[in-house]
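Colleague: Please take a close look at one part of this model, the surroundings of the ligand. Then place that part in the fold.

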Amino acid sequence: MFEGKTIIVTGASGGIGVPLVSRLCGLGARVIAIDINPHGAEILQSEISDASRLVYFCSSLEDEQTCRAILGKETHIYGLVHLAGIFVPDDMTAGDTEAVYDPVMLANVRNVYGLYASIRESLLREVHARVVLVSSLAFRRGAPGHTAYSAAKGALVGMARSLARKEAPNLLVNVVAPGFIDTTMPQKIIAKRGIDAVLGEIPMKRLGTADEVASVIQFLLGPDSAYVTGQVINVDGGIICS
Ligand SMILES: NC(=O)c1ccc[n+]([C@@H]2O[C@H](COP(=O)([O-])OP(=O)(O)OC[C@H]3O[C@@H](n4cnc5c(N)ncnc54)[C@H](O)[C@@H]3O)[C@@H](O)[C@H]2O)c1
């Protein structure tokens, strides 16, 4: 499906990133995986059958110059999937602006703004290239105690809708908004609230799997989504409709 195509995945060595990268490499893509985790390359290589399809960069993508230094030689990029993010609680008390808001915005949204700016021309050289930004249920309904995170995930939706309109028909831009997915990221909040309380608000009565999110991202990267742009796809077991 993705033979000859280069796809960038940020947050690539995380819970959703690993099955996604494995899937994309298995479907023939050359994946440029980026993550702040210094052990990310080993984590990914142990999961991927053909490691020659994988290029790994350990980076936080902290500014546009860094993004250009990493990706400047890539003349043709078919896809960008932005999974990088951190989920940090806040109380709206003294110091939260610098201690929580700034790093949360940097890790979830500022990084992909600079990344997009640095690879835009390479994306537009491909026919109907794809961008998938990963937001969250936290934006759709507001996560109490995670105000900065909810704001950052909303900013990604605004960015995606703006880019979808700006770049159509050459480039398709969509958002995936997961609910409670069984990775390490939501474990603290699940423990705090109790698993029964969490499952009680999910119509599907279970957590989602990382692979179930990866499969929706694959759809948005692939040929079957050729007429889908500017959309937010919830992968949340029905929470938003309930
Ligand atoms: N798991 C869930 O329940 C859930 C729910 C809603 C949204 N999401 C979103 O899905 C995405 C992936 O979540 P996950 O469950 O795989 O989480 P995860 O914590 O397992 O993975 C996130 C990855 O991003 C990396 N990262 C963090 N900051 C970075 C930065 N500045 N630059 C590069 N990499 C960075 C981390 O090292 C980690 O590998 C996140 O954006 C998250 O907000 C997850």
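Modeller: By class, the shell around the ligand holds 16 nonpolar, 13 polar and one charged residues. Here Ala, Val, Leu, Ile, Met, Phe, Trp, Tyr, Cys and Pro count as nonpolar, Asp, Glu, Lys and Arg as charged, and the others, Gly among them, as polar. This is a predicted model: local features need pLDDT of at least 70, side-chain atom pairs count only at pLDDT 80 or more, and totals for chains, interfaces and linings use all residues. Numbering starts from 1 along each chain as its sequence is written.

Of the 30 residues around the ligand, G11, G14, G15, G85 and T183 come nearest. A residue is near if its C-beta atom, placed from the backbone, lies within 6 Å of the molecule or strand. β2 (30–35) and α4 (96–124) each supply at least two shell residues. Helices (H or I, at least four residues) and strands (E, at least two) are DSSP runs, numbered from the N terminus.

Now the sheet. Seven strands form an open sheet, ordered β3-β2-β1-β4-β5-β6-β7, with parallel pairing. Pairing requires at least two DSSP bridges between two strands. β3 (54–58) and β7 (232–235) are the edge strands, each pairing on one side only. Four bridges join β1 (residues 6–10) to β4 (residues 79–82). I8 stands opposite L80 in β4.

Helix α1 (residues 17–26) lies across β1, β2, β3 and β4, at about 165 degrees to β2. Contact means C-beta atoms, placed from the backbone, within 7 Å. Axes are lines fitted to C-alpha atoms, for helices over the stretch in contact; angles run from 0 to 180 degrees between N-to-C directions.

Note on methods: Two residues are in contact if their C-beta atoms, placed from the backbone, lie within 7 Å.
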